[in-house]
Amino acid sequence: MTSQNGTPNREGSLSSILRFILRFFLPLFFVVVSTLTLSACSAPERLSVSGSTTVLPAVSRAAESYSESSGQRITVNAGGSGSGFNQLAEGQTDIGMMSRDITKGERAQFPKLTFNTLAVGRDAVAPAVSSEIYDAGVTALTLDKIAEIYRGEIKNWSELGGPDVDIFVIDKEASSGTRQTFMEVVMGNSKADAAGADLVIGSNNEEQTALTQSNAAIGMLSIAWLNEDVKGLSVITENGARIAPTLASVKSGQFPIVRDLNIVVRGDISPAAQRFVDYILSEDGQTHVTASGYIPVR
Amino acid sequence: MMTDAAVIMPKRSVKFDGIRAYARLSILITLLIITLILGTLIIQSGPAIFAASESLFTTNWKPSEGVYGIVPMVFGSLFVMLLAMAIALPIGGFAALAISRIKSLRAKRAWRSALEILAGIPSIVYGLIGVAYVSLWVAGAFDLQSGRIILSAGLILSVMILPTFLSLSEDAISTVPAAFRENAQALGLHDYEVELNVILPAAAPAIASAALLSLGRALGETMAVMLVIGSLDRLPSPLFNPLSSGQTITSKLGREVGESAFGSTHFSVLVLMSLILVALTIGLTILSQRLFKQGASR
(Lines give C-alpha, C1' and ligand atoms only; values in the text may rest on other atoms or scores of the structure.)
Protein backbone atom coordinates (compact mmCIF):
# COMPACT_ATOMS: atom_id res chain seq x y z
CA MET A 1 0.00 0.00 0.00
CA THR A 2 2.79 2.42 0.85
CA SER A 3 4.38 2.13 -2.56
CA GLN A 4 1.03 2.58 -4.27
CA ASN A 5 0.33 5.63 -2.19
CA GLY A 6 3.80 6.92 -2.91
CA THR A 7 3.62 6.70 -6.70
CA PRO A 8 0.48 8.76 -7.30
CA ASN A 9 1.76 11.34 -4.83
CA ARG A 10 5.06 11.80 -6.63
CA GLU A 11 3.25 11.86 -9.94
CA GLY A 12 0.99 14.51 -8.51
CA SER A 13 3.88 16.74 -7.53
CA LEU A 14 5.59 16.27 -10.90
CA SER A 15 2.51 17.19 -12.85
CA SER A 16 1.90 20.14 -10.57
CA ILE A 17 5.40 21.35 -11.43
CA LEU A 18 4.59 20.89 -15.10
CA ARG A 19 1.31 22.73 -14.66
CA PHE A 20 3.19 25.51 -12.88
CA ILE A 21 5.61 25.75 -15.78
CA LEU A 22 2.78 25.77 -18.30
CA ARG A 23 0.80 28.34 -16.39
CA PHE A 24 3.50 30.85 -15.55
CA PHE A 25 6.54 30.42 -17.70
CA LEU A 26 5.02 29.69 -21.06
CA PRO A 27 2.81 32.80 -21.08
CA LEU A 28 5.78 34.82 -19.84
CA PHE A 29 7.89 33.33 -22.61
CA PHE A 30 5.33 34.28 -25.25
CA VAL A 31 4.98 37.78 -23.88
CA VAL A 32 8.75 38.26 -24.02
CA VAL A 33 9.07 36.81 -27.51
CA SER A 34 6.17 38.80 -28.90
CA THR A 35 7.44 42.01 -27.31
CA LEU A 36 10.85 41.45 -28.87
CA THR A 37 9.37 40.70 -32.26
CA LEU A 38 7.06 43.69 -32.12
CA SER A 39 9.75 46.08 -30.99
CA ALA A 40 12.09 44.80 -33.67
CA CYS A 41 9.47 45.47 -36.36
CA SER A 42 7.69 48.64 -35.42
CA ALA A 43 9.61 50.73 -32.87
CA PRO A 44 11.59 53.70 -34.20
CA GLU A 45 15.17 52.64 -34.78
CA ARG A 46 17.41 53.17 -31.77
CA LEU A 47 20.81 54.53 -32.73
CA SER A 48 23.85 52.98 -31.14
CA VAL A 49 27.17 54.78 -30.67
CA SER A 50 30.13 53.00 -29.14
CA GLY A 51 33.88 53.30 -28.58
CA SER A 52 36.54 55.56 -27.07
CA THR A 53 36.00 56.79 -23.52
CA THR A 54 37.79 59.98 -24.54
CA VAL A 55 35.25 60.91 -27.21
CA LEU A 56 32.37 59.64 -25.12
CA PRO A 57 31.68 62.69 -22.89
CA ALA A 58 31.20 65.00 -25.89
CA VAL A 59 29.08 62.58 -27.91
CA SER A 60 26.96 61.59 -24.96
CA ARG A 61 26.17 65.26 -24.19
CA ALA A 62 25.31 65.80 -27.85
CA ALA A 63 23.16 62.66 -27.89
CA GLU A 64 21.21 63.83 -24.86
CA SER A 65 20.30 67.18 -26.36
CA TYR A 66 19.68 65.65 -29.82
CA SER A 67 17.24 63.06 -28.41
CA GLU A 68 15.37 65.80 -26.60
CA SER A 69 14.90 67.90 -29.70
CA SER A 70 14.38 65.15 -32.31
CA GLY A 71 12.88 62.25 -30.35
CA GLN A 72 15.52 59.92 -31.80
CA ARG A 73 16.61 57.42 -29.15
CA ILE A 74 20.39 56.99 -28.86
CA THR A 75 22.49 54.61 -26.78
CA VAL A 76 26.09 55.64 -26.14
CA ASN A 77 28.45 52.92 -24.92
CA ALA A 78 32.07 52.97 -23.75
CA GLY A 79 34.53 50.30 -24.83
CA GLY A 80 37.65 51.95 -26.24
CA SER A 81 38.69 52.98 -29.74
CA GLY A 82 39.51 49.44 -30.90
CA SER A 83 36.21 48.10 -29.68
CA GLY A 84 34.36 51.01 -31.31
CA PHE A 85 35.88 50.18 -34.68
CA ASN A 86 35.21 46.44 -34.39
CA GLN A 87 31.61 46.93 -33.38
CA LEU A 88 31.07 49.29 -36.29
CA ALA A 89 32.69 46.92 -38.76
CA GLU A 90 30.72 43.95 -37.48
CA GLY A 91 27.46 45.91 -37.64
CA GLN A 92 26.85 45.96 -33.89
CA THR A 93 26.82 49.74 -33.70
CA ASP A 94 25.85 52.57 -36.06
CA ILE A 95 28.61 55.00 -35.18
CA GLY A 96 32.04 54.28 -33.72
CA MET A 97 34.00 56.70 -31.55
CA MET A 98 37.78 56.68 -31.91
CA SER A 99 40.42 58.89 -30.36
CA ARG A 100 42.88 57.83 -33.09
CA ASP A 101 42.84 56.95 -36.77
CA ILE A 102 41.81 53.58 -38.11
CA THR A 103 44.99 51.54 -38.56
CA LYS A 104 45.92 49.79 -41.81
CA GLY A 105 45.65 46.47 -40.05
CA GLU A 106 42.11 47.25 -38.93
CA ARG A 107 41.07 48.28 -42.44
CA ALA A 108 42.65 45.15 -43.88
CA GLN A 109 40.47 42.94 -41.73
CA PHE A 110 37.34 44.25 -43.42
CA PRO A 111 38.34 44.71 -47.08
CA LYS A 112 34.77 44.83 -48.35
CA LEU A 113 33.70 47.78 -46.22
CA THR A 114 34.47 51.46 -46.58
CA PHE A 115 34.92 53.62 -43.50
CA ASN A 116 34.74 57.39 -43.13
CA THR A 117 36.53 59.17 -40.32
CA LEU A 118 35.19 62.55 -39.20
CA ALA A 119 36.95 64.75 -36.65
CA VAL A 120 34.43 66.18 -34.20
CA GLY A 121 36.93 67.83 -31.87
CA ARG A 122 40.54 68.07 -30.79
CA ASP A 123 42.16 66.91 -27.61
CA ALA A 124 45.57 66.74 -26.03
CA VAL A 125 47.08 63.88 -24.06
CA ALA A 126 49.06 65.13 -21.10
CA PRO A 127 51.68 63.25 -19.15
CA ALA A 128 49.91 63.22 -15.78
CA VAL A 129 51.36 62.68 -12.32
CA SER A 130 50.09 62.21 -8.79
CA SER A 131 49.59 65.56 -7.06
CA GLU A 132 52.30 64.68 -4.48
CA ILE A 133 54.92 64.60 -7.24
CA TYR A 134 53.64 67.80 -8.83
CA ASP A 135 53.66 69.60 -5.49
CA ALA A 136 57.19 68.33 -4.79
CA GLY A 137 58.40 70.29 -7.79
CA VAL A 138 58.24 68.02 -10.84
CA THR A 139 56.02 70.16 -13.03
CA ALA A 140 57.65 69.85 -16.46
CA LEU A 141 59.64 67.20 -18.35
CA THR A 142 61.12 66.85 -21.80
CA LEU A 143 59.65 64.24 -24.12
CA ASP A 144 62.96 62.33 -23.93
CA LYS A 145 62.78 62.04 -20.15
CA ILE A 146 59.20 60.79 -20.35
CA ALA A 147 60.27 58.20 -22.90
CA GLU A 148 63.09 57.08 -20.61
CA ILE A 149 60.62 56.64 -17.76
CA TYR A 150 58.40 54.46 -19.94
CA ARG A 151 61.36 52.45 -21.20
CA GLY A 152 62.30 51.77 -17.58
CA GLU A 153 65.61 53.68 -17.75
CA ILE A 154 64.68 56.30 -15.17
CA LYS A 155 63.27 54.58 -12.11
CA ASN A 156 63.28 57.16 -9.32
CA TRP A 157 61.73 60.62 -9.07
CA SER A 158 64.95 61.95 -7.46
CA GLU A 159 66.63 61.65 -10.88
CA LEU A 160 64.15 64.25 -12.11
CA GLY A 161 64.37 66.64 -9.18
CA GLY A 162 61.56 65.05 -7.21
CA PRO A 163 61.38 63.11 -3.93
CA ASP A 164 63.33 59.87 -3.45
CA VAL A 165 60.57 57.40 -4.35
CA ASP A 166 60.32 54.87 -7.14
CA ILE A 167 58.35 56.00 -10.17
CA PHE A 168 55.13 54.06 -10.54
CA VAL A 169 54.58 53.86 -14.30
CA ILE A 170 51.02 53.42 -15.51
CA ASP A 171 50.52 52.15 -19.05
CA LYS A 172 47.30 51.70 -21.02
CA GLU A 173 45.90 48.89 -23.12
CA ALA A 174 47.55 48.69 -26.54
CA SER A 175 44.39 49.50 -28.51
CA SER A 176 43.69 52.67 -26.52
CA GLY A 177 43.67 55.84 -28.62
CA THR A 178 45.17 57.81 -25.75
CA ARG A 179 48.13 55.44 -25.60
CA GLN A 180 48.74 55.41 -29.33
CA THR A 181 48.73 59.22 -29.53
CA PHE A 182 51.00 59.50 -26.50
CA MET A 183 53.46 56.82 -27.66
CA GLU A 184 53.56 58.20 -31.20
CA VAL A 185 54.80 61.58 -29.96
CA VAL A 186 56.84 60.48 -26.93
CA MET A 187 58.45 57.27 -28.20
CA GLY A 188 58.10 57.83 -31.95
CA ASN A 189 56.01 54.69 -32.43
CA SER A 190 52.35 54.40 -31.58
CA LYS A 191 52.76 50.75 -30.59
CA ALA A 192 56.00 51.15 -28.66
CA ASP A 193 56.66 48.71 -25.88
CA ALA A 194 56.74 50.17 -22.37
CA ALA A 195 59.19 47.96 -20.51
CA GLY A 196 59.05 50.19 -17.45
CA ALA A 197 55.30 49.78 -16.93
CA ASP A 198 54.11 48.66 -13.49
CA LEU A 199 50.39 48.62 -14.19
CA VAL A 200 48.19 48.48 -17.27
CA ILE A 201 44.70 49.93 -17.16
CA GLY A 202 41.91 50.45 -19.61
CA SER A 203 39.85 53.60 -19.52
CA ASN A 204 40.38 57.24 -18.57
CA ASN A 205 38.37 56.72 -15.37
CA GLU A 206 40.59 53.83 -14.30
CA GLU A 207 43.71 55.86 -15.11
CA GLN A 208 42.43 58.78 -13.06
CA THR A 209 41.68 56.49 -10.09
CA ALA A 210 45.06 54.79 -10.26
CA LEU A 211 46.90 58.14 -10.42
CA THR A 212 44.90 59.43 -7.45
CA GLN A 213 45.43 56.32 -5.35
CA SER A 214 49.19 56.41 -5.82
CA ASN A 215 51.53 59.14 -4.60
CA ALA A 216 54.36 58.63 -7.08
CA ALA A 217 52.69 57.68 -10.33
CA ILE A 218 52.98 58.90 -13.89
CA GLY A 219 50.41 58.16 -16.54
CA MET A 220 48.81 59.55 -19.66
CA LEU A 221 45.49 61.28 -19.53
CA SER A 222 43.30 63.25 -21.87
CA ILE A 223 43.39 66.87 -20.65
CA ALA A 224 39.64 66.88 -20.08
CA TRP A 225 40.26 64.40 -17.25
CA LEU A 226 42.91 66.38 -15.35
CA ASN A 227 41.88 67.64 -11.89
CA GLU A 228 43.15 68.61 -8.41
CA ASP A 229 44.51 65.15 -7.61
CA VAL A 230 45.80 64.40 -11.08
CA LYS A 231 48.06 67.14 -12.47
CA GLY A 232 49.20 67.48 -16.06
CA LEU A 233 52.92 68.06 -16.62
CA SER A 234 54.16 70.78 -18.92
CA VAL A 235 56.26 69.59 -21.82
CA ILE A 236 59.70 71.17 -22.24
CA THR A 237 60.41 71.68 -25.94
CA GLU A 238 63.82 71.54 -27.60
CA ASN A 239 64.32 75.29 -27.31
CA GLY A 240 63.58 75.15 -23.59
CA ALA A 241 60.04 76.53 -23.60
CA ARG A 242 57.58 75.01 -21.16
CA ILE A 243 54.22 74.29 -22.74
CA ALA A 244 51.43 73.63 -20.25
CA PRO A 245 48.63 71.26 -21.27
CA THR A 246 45.89 73.87 -21.50
CA LEU A 247 43.13 74.49 -23.99
CA ALA A 248 44.95 77.62 -25.13
CA SER A 249 48.22 75.87 -25.91
CA VAL A 250 46.39 73.08 -27.72
CA LYS A 251 44.40 75.59 -29.77
CA SER A 252 47.52 77.49 -30.75
CA GLY A 253 49.18 74.23 -31.79
CA GLN A 254 52.08 74.58 -29.33
CA PHE A 255 51.32 71.55 -27.16
CA PRO A 256 52.85 68.57 -28.96
CA ILE A 257 50.73 65.59 -27.90
CA VAL A 258 47.45 66.28 -29.69
CA ARG A 259 44.99 64.27 -31.66
CA ASP A 260 41.66 64.43 -33.37
CA LEU A 261 38.61 63.00 -31.67
CA ASN A 262 36.88 61.05 -34.37
CA ILE A 263 33.63 59.42 -35.08
CA VAL A 264 33.79 56.71 -37.70
CA VAL A 265 30.93 55.51 -39.86
CA ARG A 266 30.56 52.94 -42.60
CA GLY A 267 29.85 53.78 -46.22
CA ASP A 268 26.39 52.24 -45.82
CA ILE A 269 25.40 54.56 -42.95
CA SER A 270 21.68 54.80 -42.13
CA PRO A 271 19.91 58.16 -42.70
CA ALA A 272 19.08 58.46 -39.00
CA ALA A 273 22.73 57.99 -38.04
CA GLN A 274 23.79 60.52 -40.70
CA ARG A 275 21.40 63.10 -39.23
CA PHE A 276 22.98 62.64 -35.77
CA VAL A 277 26.49 62.96 -37.23
CA ASP A 278 25.42 66.18 -38.97
CA TYR A 279 24.10 67.45 -35.65
CA ILE A 280 27.39 66.80 -33.84
CA LEU A 281 29.23 68.78 -36.53
CA SER A 282 26.70 71.63 -36.45
CA GLU A 283 27.36 74.79 -34.46
CA ASP A 284 24.91 73.68 -31.76
CA GLY A 285 26.43 70.20 -31.60
CA GLN A 286 29.95 71.59 -31.25
CA THR A 287 29.01 73.40 -28.02
CA HIS A 288 28.94 69.96 -26.38
CA VAL A 289 32.53 69.36 -27.46
CA THR A 290 33.53 72.61 -25.76
CA ALA A 291 31.46 71.76 -22.67
CA SER A 292 33.38 68.48 -22.35
CA GLY A 293 36.70 70.31 -22.16
CA TYR A 294 37.81 69.71 -25.75
CA ILE A 295 38.41 71.99 -28.69
CA PRO A 296 35.65 72.23 -31.31
CA VAL A 297 36.49 71.76 -34.99
CA ARG A 298 34.50 74.76 -36.19
CA MET B 1 -5.94 -4.21 -6.73
CA MET B 2 -6.96 -4.75 -10.33
CA THR B 3 -9.39 -1.86 -10.26
CA ASP B 4 -6.83 0.32 -8.57
CA ALA B 5 -4.31 -0.28 -11.33
CA ALA B 6 -6.91 0.16 -14.04
CA VAL B 7 -7.86 3.53 -12.62
CA ILE B 8 -4.33 4.80 -12.15
CA MET B 9 -2.56 3.45 -15.26
CA PRO B 10 -4.20 5.35 -18.14
CA LYS B 11 -4.10 8.64 -16.24
CA ARG B 12 -0.52 8.07 -15.37
CA SER B 13 0.66 7.23 -18.89
CA VAL B 14 -0.82 10.36 -20.48
CA LYS B 15 0.67 12.70 -17.91
CA PHE B 16 3.91 10.82 -17.73
CA ASP B 17 4.43 10.87 -21.48
CA GLY B 18 4.15 14.63 -21.50
CA ILE B 19 6.55 15.07 -18.64
CA ARG B 20 8.97 12.54 -20.07
CA ALA B 21 9.01 14.24 -23.46
CA TYR B 22 9.58 17.60 -21.80
CA ALA B 23 12.42 16.25 -19.67
CA ARG B 24 14.08 14.54 -22.65
CA LEU B 25 13.85 17.71 -24.70
CA SER B 26 15.52 19.63 -21.89
CA ILE B 27 18.35 17.10 -21.73
CA LEU B 28 18.81 17.29 -25.49
CA ILE B 29 18.94 21.09 -25.47
CA THR B 30 21.50 21.06 -22.67
CA LEU B 31 23.67 18.54 -24.50
CA LEU B 32 23.37 20.53 -27.70
CA ILE B 33 24.50 23.72 -25.97
CA ILE B 34 27.54 22.02 -24.43
CA THR B 35 28.50 20.46 -27.75
CA LEU B 36 28.06 23.75 -29.60
CA ILE B 37 30.20 25.67 -27.12
CA LEU B 38 33.00 23.11 -27.12
CA GLY B 39 32.81 22.74 -30.91
CA THR B 40 32.97 26.49 -31.44
CA LEU B 41 35.91 26.87 -29.08
CA ILE B 42 37.84 24.06 -30.77
CA ILE B 43 37.14 25.25 -34.33
CA GLN B 44 37.81 28.92 -33.57
CA SER B 45 41.07 28.21 -31.78
CA GLY B 46 42.43 26.30 -34.77
CA PRO B 47 43.90 29.34 -36.58
CA ALA B 48 45.84 30.30 -33.43
CA ILE B 49 47.62 26.97 -33.37
CA PHE B 50 48.62 27.29 -37.03
CA ALA B 51 49.29 31.01 -37.32
CA ALA B 52 50.88 31.72 -33.98
CA SER B 53 52.46 28.40 -33.12
CA GLU B 54 55.99 29.81 -32.70
CA SER B 55 55.12 32.50 -30.23
CA LEU B 56 52.26 30.75 -28.45
CA PHE B 57 54.32 29.30 -25.60
CA THR B 58 56.50 32.34 -25.00
CA THR B 59 56.02 35.11 -22.47
CA ASN B 60 55.64 37.96 -24.97
CA TRP B 61 52.21 39.34 -25.78
CA LYS B 62 52.29 41.89 -28.61
CA PRO B 63 49.28 41.49 -30.91
CA SER B 64 50.47 44.42 -33.06
CA GLU B 65 53.55 42.40 -34.03
CA GLY B 66 51.76 39.08 -34.30
CA VAL B 67 53.38 37.76 -31.14
CA TYR B 68 50.94 35.94 -28.89
CA GLY B 69 52.61 34.36 -25.88
CA ILE B 70 49.95 33.02 -23.54
CA VAL B 71 52.27 31.77 -20.78
CA PRO B 72 51.87 34.85 -18.50
CA MET B 73 48.07 34.55 -18.62
CA VAL B 74 47.97 30.80 -17.96
CA PHE B 75 50.51 31.17 -15.18
CA GLY B 76 48.58 34.10 -13.72
CA SER B 77 45.34 32.12 -13.67
CA LEU B 78 46.94 29.17 -11.89
CA PHE B 79 48.87 31.39 -9.47
CA VAL B 80 45.83 33.42 -8.45
CA MET B 81 43.80 30.22 -8.09
CA LEU B 82 46.41 28.59 -5.84
CA LEU B 83 46.73 31.76 -3.78
CA ALA B 84 42.96 31.93 -3.27
CA MET B 85 42.87 28.26 -2.26
CA ALA B 86 45.78 28.70 0.17
CA ILE B 87 43.80 31.42 1.93
CA ALA B 88 40.32 29.90 1.67
CA LEU B 89 41.02 26.22 2.45
CA PRO B 90 42.22 26.49 6.06
CA ILE B 91 39.65 29.15 6.95
CA GLY B 92 36.84 27.26 5.24
CA GLY B 93 37.80 23.86 6.65
CA PHE B 94 37.92 24.98 10.25
CA ALA B 95 34.83 27.13 9.91
CA ALA B 96 32.98 24.10 8.52
CA LEU B 97 34.09 22.05 11.54
CA ALA B 98 32.89 24.80 13.87
CA ILE B 99 29.50 25.10 12.16
CA SER B 100 29.01 21.33 12.16
CA ARG B 101 29.48 21.35 15.93
CA ILE B 102 26.73 23.88 16.51
CA LYS B 103 23.95 21.97 18.21
CA SER B 104 21.06 24.40 17.89
CA LEU B 105 19.28 23.76 14.63
CA ARG B 106 18.15 27.37 14.37
CA ALA B 107 21.66 28.77 14.78
CA LYS B 108 22.90 26.30 12.18
CA ARG B 109 20.24 27.39 9.73
CA ALA B 110 21.11 31.05 10.33
CA TRP B 111 24.76 30.34 9.54
CA ARG B 112 23.83 28.48 6.40
CA SER B 113 21.61 31.23 5.05
CA ALA B 114 24.29 33.80 5.81
CA LEU B 115 26.65 31.74 3.66
CA GLU B 116 24.14 31.52 0.87
CA ILE B 117 23.73 35.28 0.86
CA LEU B 118 27.50 35.67 0.65
CA ALA B 119 27.56 33.27 -2.30
CA GLY B 120 24.83 35.22 -4.06
CA ILE B 121 26.55 38.63 -4.11
CA PRO B 122 27.35 39.55 -7.73
CA SER B 123 31.04 39.44 -8.53
CA ILE B 124 31.22 43.05 -9.72
CA VAL B 125 30.38 44.10 -6.16
CA TYR B 126 33.44 42.23 -4.92
CA GLY B 127 35.42 43.93 -7.70
CA LEU B 128 34.29 47.39 -6.59
CA ILE B 129 35.14 46.65 -2.97
CA GLY B 130 38.47 45.33 -4.20
CA VAL B 131 39.35 48.50 -6.12
CA ALA B 132 38.04 50.88 -3.50
CA TYR B 133 39.33 49.21 -0.33
CA VAL B 134 41.23 45.91 -0.56
CA SER B 135 43.82 47.14 -3.05
CA LEU B 136 44.43 50.21 -0.89
CA TRP B 137 44.82 48.12 2.29
CA VAL B 138 47.19 45.77 0.53
CA ALA B 139 49.21 48.70 -0.86
CA GLY B 140 49.39 50.20 2.63
CA ALA B 141 50.28 46.93 4.34
CA PHE B 142 53.18 46.14 2.00
CA ASP B 143 54.15 49.76 1.33
CA LEU B 144 53.46 49.51 -2.40
CA GLN B 145 52.61 52.18 -4.96
CA SER B 146 49.55 50.27 -6.06
CA GLY B 147 47.55 47.43 -4.61
CA ARG B 148 46.45 46.21 -8.03
CA ILE B 149 48.47 43.05 -7.71
CA ILE B 150 48.15 39.29 -7.81
CA LEU B 151 47.80 39.09 -4.00
CA SER B 152 44.73 41.40 -4.02
CA ALA B 153 43.11 39.25 -6.68
CA GLY B 154 43.86 36.14 -4.62
CA LEU B 155 42.40 37.72 -1.48
CA ILE B 156 39.16 38.75 -3.19
CA LEU B 157 38.83 35.38 -4.90
CA SER B 158 39.32 33.56 -1.61
CA VAL B 159 36.41 35.49 -0.12
CA MET B 160 34.33 34.71 -3.19
CA ILE B 161 34.90 30.95 -3.11
CA LEU B 162 34.67 30.67 0.66
CA PRO B 163 30.86 30.26 0.82
CA THR B 164 30.81 27.49 -1.79
CA PHE B 165 33.66 25.64 -0.18
CA LEU B 166 32.38 26.16 3.35
CA SER B 167 28.84 24.94 2.77
CA LEU B 168 29.95 21.92 0.73
CA SER B 169 32.51 20.87 3.35
CA GLU B 170 30.04 21.46 6.13
CA ASP B 171 27.69 19.04 4.32
CA ALA B 172 30.56 16.59 4.03
CA ILE B 173 31.34 16.77 7.74
CA SER B 174 27.68 16.48 8.74
CA THR B 175 27.29 13.25 6.75
CA VAL B 176 30.00 11.48 8.72
CA PRO B 177 27.99 8.89 10.72
CA ALA B 178 27.35 9.90 14.33
CA ALA B 179 28.61 6.47 15.41
CA PHE B 180 32.16 7.51 14.38
CA ARG B 181 32.13 10.40 16.79
CA GLU B 182 30.43 8.45 19.56
CA ASN B 183 32.86 5.54 19.29
CA ALA B 184 35.85 7.85 19.31
CA GLN B 185 34.48 9.68 22.35
CA ALA B 186 33.79 6.38 24.07
CA LEU B 187 37.47 5.51 23.60
CA GLY B 188 38.27 8.56 25.68
CA LEU B 189 39.75 10.74 22.93
CA HIS B 190 39.89 14.49 23.40
CA ASP B 191 37.47 16.63 21.45
CA TYR B 192 40.17 17.94 19.11
CA GLU B 193 41.47 14.42 18.57
CA VAL B 194 38.01 13.28 17.58
CA GLU B 195 37.66 16.10 15.05
CA LEU B 196 41.18 15.98 13.60
CA ASN B 197 41.82 12.24 13.60
CA VAL B 198 38.37 10.78 13.04
CA ILE B 199 35.88 13.23 11.56
CA LEU B 200 38.17 15.13 9.17
CA PRO B 201 39.79 12.02 7.64
CA ALA B 202 36.37 10.45 7.16
CA ALA B 203 35.10 13.55 5.38
CA ALA B 204 38.35 14.21 3.53
CA PRO B 205 37.41 12.97 0.03
CA ALA B 206 34.19 14.99 0.03
CA ILE B 207 36.05 18.05 1.34
CA ALA B 208 38.65 17.64 -1.38
CA SER B 209 35.89 17.43 -3.95
CA ALA B 210 34.41 20.64 -2.51
CA ALA B 211 37.82 22.28 -2.84
CA LEU B 212 38.11 21.25 -6.50
CA LEU B 213 34.64 22.61 -7.28
CA SER B 214 35.57 25.94 -5.70
CA LEU B 215 38.79 25.91 -7.73
CA GLY B 216 36.65 25.80 -10.84
CA ARG B 217 34.79 28.87 -9.69
CA ALA B 218 38.06 30.63 -8.90
CA LEU B 219 39.41 29.91 -12.39
CA GLY B 220 36.38 31.33 -14.12
CA GLU B 221 35.96 34.50 -12.11
CA THR B 222 36.43 37.57 -14.31
CA MET B 223 35.11 40.94 -13.18
CA ALA B 224 36.51 41.10 -9.66
CA VAL B 225 39.91 39.81 -10.79
CA MET B 226 40.10 42.09 -13.82
CA LEU B 227 39.62 45.19 -11.68
CA VAL B 228 42.35 44.46 -9.15
CA ILE B 229 45.06 42.39 -10.83
CA GLY B 230 46.83 45.19 -12.73
CA SER B 231 46.59 43.65 -16.23
CA LEU B 232 50.32 43.40 -16.87
CA ASP B 233 51.05 40.71 -19.51
CA ARG B 234 54.28 39.68 -17.88
CA LEU B 235 55.44 36.88 -15.62
CA PRO B 236 56.02 38.18 -12.08
CA SER B 237 59.66 38.49 -11.11
CA PRO B 238 60.70 36.58 -9.10
CA LEU B 239 58.25 34.06 -10.51
CA PHE B 240 56.19 33.47 -7.35
CA ASN B 241 56.04 37.08 -6.21
CA PRO B 242 52.39 37.79 -5.36
CA LEU B 243 53.17 41.49 -4.92
CA SER B 244 53.58 42.19 -8.62
CA SER B 245 50.83 42.93 -11.13
CA GLY B 246 49.77 40.13 -13.40
CA GLN B 247 47.13 38.92 -15.78
CA THR B 248 44.79 35.95 -15.76
CA ILE B 249 43.12 34.31 -18.74
CA THR B 250 39.78 35.74 -17.69
CA SER B 251 41.02 39.29 -17.15
CA LYS B 252 42.79 39.15 -20.52
CA LEU B 253 39.60 38.02 -22.23
CA GLY B 254 37.58 40.65 -20.43
CA ARG B 255 39.91 43.41 -21.56
CA GLU B 256 40.60 42.33 -25.12
CA VAL B 257 37.72 40.39 -26.63
CA GLY B 258 36.04 43.66 -27.60
CA GLU B 259 39.22 44.89 -29.27
CA SER B 260 39.91 41.88 -31.44
CA ALA B 261 38.17 41.39 -34.76
CA PHE B 262 36.15 38.21 -35.13
CA GLY B 263 38.17 35.73 -37.20
CA SER B 264 41.57 37.34 -36.66
CA THR B 265 44.54 35.49 -35.17
CA HIS B 266 44.27 37.73 -32.13
CA PHE B 267 40.67 36.60 -31.61
CA SER B 268 41.61 33.00 -32.20
CA VAL B 269 44.35 33.08 -29.56
CA LEU B 270 41.83 34.52 -27.09
CA VAL B 271 39.49 31.63 -27.92
CA LEU B 272 42.35 29.17 -27.45
CA MET B 273 42.88 30.60 -23.97
CA SER B 274 39.23 30.16 -23.13
CA LEU B 275 39.44 26.58 -24.39
CA ILE B 276 42.30 25.98 -21.96
CA LEU B 277 40.17 27.50 -19.22
CA VAL B 278 37.17 25.30 -20.06
CA ALA B 279 39.37 22.20 -20.24
CA LEU B 280 40.82 22.96 -16.81
CA THR B 281 37.35 23.51 -15.33
CA ILE B 282 35.99 20.30 -16.86
CA GLY B 283 39.01 18.39 -15.57
CA LEU B 284 38.51 19.78 -12.07
CA THR B 285 34.80 18.93 -12.12
CA ILE B 286 35.41 15.34 -13.20
CA LEU B 287 38.12 14.90 -10.58
CA SER B 288 35.82 16.36 -7.95
CA GLN B 289 33.00 13.98 -8.90
CA ARG B 290 35.38 11.00 -8.69
CA LEU B 291 36.55 12.02 -5.25
CA PHE B 292 32.99 12.57 -4.11
CA LYS B 293 31.94 9.09 -5.27
CA GLN B 294 34.99 7.62 -3.58
CA GLY B 295 33.98 9.34 -0.36
CA ALA B 296 30.38 8.17 -0.65
CA SER B 297 31.30 4.55 -1.35
CA ARG B 298 33.52 4.30 1.72
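**Figure 1. The two domains of chain A in the predicted model.** The C-alpha centres of domain 1 of chain A and domain 2 of chain A lie 27 Å apart in this predicted model. The domain assignment of chain A gives two segments to domain 1, 47-121 and 260-296, while domain 2 covers 123-258.

**Figure 2. Where domain 1 of chain A touches domain 2 of chain A.** Each domain brings 17 residues to this contact. On the side of domain 1 of chain A, ten of these residues are polar, six are nonpolar and one is charged.

**Figure 3. The contact between chain A and chain B.** Chain A puts 31 residues into the contact, and chain B puts in 23. Within chain B, helix α1 (residues 2-51) gives the most to the side that touches chain A, with seven residues. By class, this side of chain B holds nine polar, eight nonpolar and six charged residues.

**Figure 4. Two crossing helices in chain B.** Helix α2 (residues 71-100) of chain B and helix α7 (residues 191-220) of chain B have axes that come within 10 Å and cross at roughly 145°. The crossing of α2(B) and α7(B) is right-handed.

**Figure 5. Residues between α2(B) and α7(B).** From α2(B), the contact is made by Ser77(B), Met81(B), Ala84(B), Met85(B), Ala88(B), Leu89(B), Gly93(B) and Leu97(B). From α7(B), the residues are Glu195(B), Ile207(B), Ala211(B), Ser214(B), Leu215(B), Ala218(B) and Leu219(B). Sorted by class, the contact of α2(B) with α7(B) has eleven nonpolar, three polar and one charged residues.

Conventions: Residues are numbered from 1 along each chain as its sequence is written. Chains are lettered from A and ligands numbered from 1 in the order in which they are written. This is a predicted model: local features need pLDDT of at least 70, side-chain atom pairs count only at pLDDT 80 or more; totals for chains, interfaces and linings use all residues. Two residues are in contact if their C-beta atoms, placed from the backbone, lie within 7 Å. Helices (H or I, at least four residues) and strands (E, at least two) are DSSP runs, numbered from the N terminus. Ala, Val, Leu, Ile, Met, Phe, Trp, Tyr, Cys and Pro count as nonpolar, Asp, Glu, Lys and Arg as charged, and the others, Gly among them, as polar. Domain bounds come from an automatic or database domain assignment. Axes are lines fitted to C-alpha atoms, for helices over the stretch in contact, and angles run from 0 to 180 degrees between N-to-C directions. A crossing is left-handed if the near helix is turned anticlockwise from the far one by less than a right angle, and right-handed if clockwise.
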